[in-house]
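Q: Could you walk me through reading a fold from its contacts and strands? I would like the general idea each time, then the case at hand.

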Amino acid sequence: PSCGDPTGITATPTSGTSVDLAWTAPVAGTPDDYEYEIVPAGNAQGTGTPVAVGSAATTATATGLTQLTDYDVYVRTSCASTFNTAWAGPVSFTTPCAAIAPPYLEDFASMTAASTPVPTCWSEAQGDYDVHSGVTFTSTTTSLWQSDGFAGSGSTGAVRNNHYGND
């Protein structure tokens, strides 16, 4: 017995660590199962671990992925428990940044110099904040936490900061 390859594979990230997969059943044969394999983008099929869907369902949810990472997914059909088609794919997708649930603290402790990269999934605001007219990001200077004097006088007793946002 044989079956055709699955077609129309889609990969829709649902969080920073999971993706919904879907495909169209082959026209030829009667599948009794499917397998999918997710690998880091650019890696060859066969370098990951195939996961059996466990039924003839044409959808699956994969979990345990890493946020902000590019992946490729492959799918194949299994018929009569003894025949597997070739792998269809790859279909590429990127997981987004994971949601941050409060309470949460990012102290930017790793940012000890202006040249230190901003932590993954954060972006650095650039420019100045004008307390009289509101936020104005017009400068291209690098943002950074710095020691500052209270009320702008001296260099101790307060902190001057720039703003960061979660992507």
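A: Let's begin with contacts, meaning heavy atoms within 4.5 Å. Among contacts in the protein between residues at least 6 apart in sequence, 53% join residues at least 24 apart. This is a predicted model, where local features need pLDDT of at least 70, side-chain atom pairs count only at pLDDT 80 or more, and totals for chains, interfaces and linings use all residues. Residues are numbered from 1 along each chain as its sequence is written, and side-chain values use heavy atoms, with hydrogens and water left out.

Q: How many helices and strands does the protein have?

A: Helices (H or I, at least four residues) and strands (E, at least two) are DSSP runs, numbered from the N terminus. Here there are zero helices and 14 strands.

Q: Which strands pair, and in what order do they lie in the open sheet of three strands?

A: Two strands pair if DSSP finds at least two bridges between them. The order is E1-E2-E5, with antiparallel pairing. Strand E1 (7–13) and strand E5 (59–62) are at the edges with a single partner strand each, so one side of each has no neighbour in the sheet.

Q: How many bridges join E2 and E5?

A: Strand E2 (residues 19–24) pairs with E5 over four bridges, in the antiparallel sense. For Ala-22, the bridge partner in E5 is Thr-59.

Q: What share of the residues is buried?

A: Buried means under 20% relative accessible area, with a 1.4 Å probe and protein chains only. Of the 167 residues in the protein, 30% are buried.

Key:
Buried < 20%, exposed > 50% of the residue type's maximum accessible area, 1.4 Å probe, protein only.
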